[in-house]
Amino acid sequence: MKTKWWLIALLVCLAVASLSPLASSSPDGLERVAEDKGFIDTGQEAPFQVIADYVFPGIANETLATILAGLIGTFVLFGVAYGVAWLLTLRRRELAK
Amino acid sequence: MQLHLIENPGKRYVIHIPDGFLNVATVATTCVVSAGGVGNAVRLANKKLREKHVPMMGVLAAFIFAAQMLNFPIAGGTSGHLIGAALAAILLGPWAAVLIMSCVLIAQCLIFQDGGLLALGANIFNMGIVASFSGYYLYRLATSFLGSSRRGKLIGGFVSAWGSVLLASIVCAIELTVSGASPIMVVLPAMAGIHALIGIGEGLITAAVISLVLATRADLLELQKI
């Protein structure tokens with residue numbers, strides 16, 4: 001059986017997510033501007049935290065916690081977008097039957 | 001980027017627009033416009049989406065999420081990361097890209113506390129709607145000049161991705177100014193300047209992915225655009 005292309009693509013995405021601990025730790029574009037121009041402190045924290053700041057809570061090893069957060073997010077996003085798209089084609093498939 | 005937290009434990013962590021940067025009028029306006037945009041994207045996708053689009057939607061959302069975690073360094077102790085809207089728009093069309101970016105931004109907001117709840121409308125407007133449409137039409141414009149050879153597609157991908165980041169950052173700067181966060185003459189050059197550099201990274205990643213698709217499954221670039 002031929003492997004589905006998107007399974008390989010998903011594996012590539014998971015590999016990319018596993019590289020996340022190597023990401024630059026410098027502030028990103030918006031954060032840098034907000035710091036330089038003095039409005040960073042107007043930012044408010046979220047009223048709740050799930051996997052805040054891409055670090056899975058309760059894991060002492062920061063690298064592992066980041067990779068885990070990245071893998072979970074990648075799976076969730078694949079599932080959500082696939083699911084939304086699948087639902088949006090449901091009507092057409094019902095009609096085709 | 002998360003290392004940033006370890007180095008500065010007391011520091012707030014900003015990637016997408018957090019709550020507090022934008023005033024009520026800007027929050028309300030962007031929420032209404034984005035809700036309308038996403039609604040229209042759903043309506044059009046319901047009409048035009050085919051079964052072969054479905055895995056591509058999932059893969060693009062997964063890739064954009066994963067790649068957004070990989071901040072790359074640019075000049076002066078600043079980093080940038082992929083937005084991904086131009087890539088999604090080139091592969092699936094601007095309205096499908098709006099849907100994909102909305103999935104990513106909503107998940108980042110709800111699960112990863114990246115981007116404020118109230119600022120979600122603005123984040124979807126900037127990185128979903130503005131970046132998707134500018135990326136899509138810049139790509140079409142560029143490939144109409146350069147031709148649809150491999151070279152034309154790669155250069156078109158680079159240019160449109162760069163332009164989409166620049167435009168999204170300019171719109172973000174305008175929102176910040178309207179909200180009273182910072183005067184336009186201060187925040188606009190700062191945002192546009194940094195994002196003109198970040199856009200180079202966006203352009204390189206976008207061209208690299210297009211090149212990979214062309215080399216492995218060129219037919220996936222020819223899916224009907226939504």
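Residues are numbered from 1 along each chain as its sequence is written, and chains are lettered from A, with ligands numbered from 1, in the order in which they are written. Because the model is predicted, local features need pLDDT of at least 70 and side-chain atom pairs count only at pLDDT 80 or more, while totals for chains, interfaces and linings use all residues; side-chain values use heavy atoms, with hydrogens and water left out.

**Helix α3 of chain A and its partner in chain B**

Helices here are DSSP runs of H or I with at least four residues, numbered from the N terminus. Helix α3 of chain A covers residues 62–88; its 27 residues reach 38 Å from the first C-alpha to the last, close to the 39 Å expected at 1.5 Å a residue, where the expected span is 1.5 Å times one less than the number of residues.

The axis of α3(A) comes within 7 Å of the axis of helix α3 (residues 53–68) of chain B, and the two cross at roughly 150°, the axes being lines fitted to C-alpha atoms over the stretch in contact and the angles running from 0 to 180 degrees between N-to-C directions. The two helices are therefore roughly antiparallel to each other, a term for angles over 145 degrees, whereas angles under 35 degrees count as roughly parallel, 65 to 115 as roughly perpendicular and the rest as oblique. Contact means heavy atoms within 4.5 Å, and among the residues of α3(A) that meet α3(B) are G70(A), G73(A), L77(A) and F78(A), while the α3(B) side includes M57(B), G58(B) and F65(B). By class, this contact of α3(A) with α3(B) has 15 nonpolar, four polar and no charged residues; Ala, Val, Leu, Ile, Met, Phe, Trp, Tyr, Cys and Pro count as nonpolar, Asp, Glu, Lys and Arg as charged, and the others, Gly among them, as polar.

Buried means under 20% relative accessible area, exposed over 50%, and partly exposed in between, with a 1.4 Å probe and protein chains only. The buried residues of α3(A) include A65(A), T66(A), G73(A) and L88(A), and what covers the buried residues of this helix includes α1 (5–18) and α4 (90–96) of chain A together with α2 (24–48), α3 and α5 (94–110) of chain B. Of the 17 residues of α5(B), 14 are buried, so this helix is largely enclosed by the rest of the structure.

Helix α4 (residues 85–92) of chain B packs with α8(B) at an angle of about 30°, their axes 9 Å apart, which makes the two roughly parallel. A85(B), L87(B) and I90(B) of α4(B) make the contact with E202(B), T206(B), V209(B) and I210(B) of α8(B). I200(B) also lies in helix α8 (residues 184–217) of chain B, and I200(B) touches F158(B) and W162(B), not counting residues up to four places away in sequence.

**Individual residues**

Most residues other than glycine have a negative phi. The table gives accessibilities.

| Residue | Relative accessibility | Class |
|---|---|---|
| D53(A) | 15% | buried |
| Y54(A) | 2% | buried |
| I200(B) | 38% | partly exposed |
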